[in-house]
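Please keep the structure in view while I speak.

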Amino acid sequence: MGIKSDKIESNKNHMGSYKEDDVIFLLKDISNRVEERGNKERELAIQTGVHYSEMLPIEYKPSEEYIKLFYESLEKFKEDIAIYTGVVSERIIKNRGKDIVLASLARAGTPIGILIKRYIKFKYNIDVPHYSISIIRGKGIDENAIKYMIFNHPNKDIQFIDGWTGKGAINNQLREATYLLNKKMGINLDSDLAVIADPGYLVNTYGTRKDFLIPSACLNSTVSGLVSRTVLRDDLIGDNDFHGAKFYKELLDEDLSNYYIDNITQCFDDTQEEVKRELEILEQCNTEATFLGLEDVKNIKEEFNIENINYIKPGIGETTRVLLRRIPWKILIKKDTKNIEHILQLAKEKEVEVIEYDLKSYECCGIIKSVRKK
């Protein structure tokens, strides 16, 4: 496989605030080795050619009002997330069987992967292996992490997991990466990506296609096991290393990662009838990807004269990310949309213009500001 088993094993270490029973991060701990940059400095660097994976943003410190919105949204949506976790878990089992390995895409996929792992344990009493691995737009998936999973679970199917879909950049990257790995290594990875919410109609395995608030989108590391975005830089990551990430140990007192997971997991038992009902509805639907959401992206690009499609971030989850760690230009919201209070709060704090716009697939869309000097 091009990498020795002892090197694979020695590269694994426990990081993050989740229990190892829930997830193992196949990431190299590069804490204190990457200087975090402010959003403006980082945005300028990205727009002038520096890859986003070579830097880390300064973690957004939520206001008290914003943290209150997180708690309120978790209370409001925890049963919905439990239902759609059940739906996507059942569909994974139906499509792939029970002899699987879950591979969450760090970091938005990690809490969702934990929920799916816990649901399968709850429903089928099977403890499936679950890892969190890195995939980076424009650079690919962590090949050493894939080799590690194959080496340690040679006869199991790998199911990739993320939180939600935006406009499909990571989904496309995953398809390309698995194709290249299959060709290079003579394996048969399936690029199927399972998500809780697929508002863009971009994947086949999902819990719902509603664009609704998944509260783990509201925060950064403090709801993702205190792990940063993943980093890939030659001076930090060697040939036999996993991609890197920072472990924010200094935020342990503020960590809500396990609180979030536990609150949703407690809803599994009471939502079984709803899971069954949603699955019955899906049986009657076309669940194939139709890429419907890309129409919204195309219209926004043309109407607002956006030079780079990567500046357009559709959906509640992606819009939240724009406000947390990029330099937003405008926020577009669908008329009469509800349950985006946290987005409106962030837009208010950051003084970003909010515009009503005729969106078809998504409830809102964030547009990144061009900061390059003309």
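A word on the basis first. This is a predicted model, in which local features need pLDDT of at least 70 and side-chain atom pairs count only at pLDDT 80 or more, while totals for chains, interfaces and linings use all residues. Residues are numbered from 1 along each chain as its sequence is written, and side-chain values use heavy atoms, with hydrogens and water left out.

Let me begin with the cavities. Rolling a probe the size of a water molecule over the atoms shows where empty space is left. On a 1 Å grid over the protein atoms alone, a cavity is a set of points where a 1.4 Å probe fits but cannot get out; a pocket is an open set with protein on both sides within 12 Å along at least five of seven lines; and lining residues have an atom within 4 Å of a point. Grid points are joined across faces, edges and corners, and a volume is the space filled by probe spheres set on the points.

How many cavities of 30 Å³ or more are there? By this rule, there are 4. The largest cavity holds about 610 Å³ of space. It is lined by 32 residues, and those closest to its centre are Ile170, Arg229, Glu318, Arg321 and Arg325. Two or more lining residues come from each of helix H2 (39-47), strand S7 (135-136), helix H6 (169-185), strand S13 (312-314) and helix H10 (316-325). Here helices (H or I, at least four residues) and strands (E, at least two) are DSSP runs, numbered from the N terminus. H10 supplies the largest share of this lining, 4 residues. By class, the lining has 15 nonpolar, 6 polar and 11 charged residues. In this scheme Ala, Val, Leu, Ile, Met, Phe, Trp, Tyr, Cys and Pro count as nonpolar, Asp, Glu, Lys and Arg as charged, and the others, Gly among them, as polar.

The second largest cavity has a volume of about 110 Å³. Which element gives the most to its lining? Again we meet H10, with 3 residues. Arg321, Leu324 and Arg325 are among the lining residues, as are Arg107, Ala108 and Trp164. The lining divides into 6 nonpolar, 3 polar and 3 charged residues.

The largest pocket has a volume of about 370 Å³. Of its 24 lining residues, Lys139, Ile141, Asp142, Glu143 and His243 are the closest to its centre. Strand S8 (140-141), helix H5 (143-152) and H6 each give two or more residues to that lining, and H6 gives the most, with 6. By class, there are 7 nonpolar, 7 polar and 10 charged residues.

The second largest pocket has a volume of about 280 Å³. Tyr60, Lys61, Pro62, Thr222 and Glu254 are the closest to its centre among the 16 residues that line it. Helix H3 (residues 64-96) provides the largest share of the lining, 3 residues. The lining comprises 9 nonpolar, 3 polar and 4 charged residues.

Next, the helix packing. H10 and helix H11 (residues 341-349) pack at an angle of about 20°, with their axes 10 Å apart. Axes are lines fitted to C-alpha atoms, for helices over the stretch in contact, and angles run from 0 to 180 degrees between N-to-C directions. H10 is therefore roughly parallel to H11; angles under 35 degrees count as roughly parallel, over 145 as roughly antiparallel, 65 to 115 as roughly perpendicular and the rest as oblique. In contact, meaning heavy atoms within 4.5 Å, Ile316, Thr319, Thr320, Leu323 and Leu324 of H10 meet His342, Ile343, Leu346 and Ala347 of H11. This contact has 6 nonpolar, 3 polar and no charged residues.

H11 also packs with H3: their axes come within 10 Å and cross at roughly 170°. These two helices, H3 and H11, are therefore roughly antiparallel to each other. Glu65, Tyr66 and Leu69 in H3 meet Glu341, His342, Gln345, Leu346 and Glu349 in H11. That contact divides into 3 nonpolar, 2 polar and 3 charged residues.

Finally, the backbone. The peptide bond from alanine 106 to arginine 107 is cis, with omega near 5°, and arginine 107 lies in the loop between strand S5 (100-105) and helix H4 (109-124). Tyrosine 201, although not a glycine, has a positive phi of about 55°; this tyrosine 201 is in the loop between strand S10 (193-197) and strand S11 (205-208).
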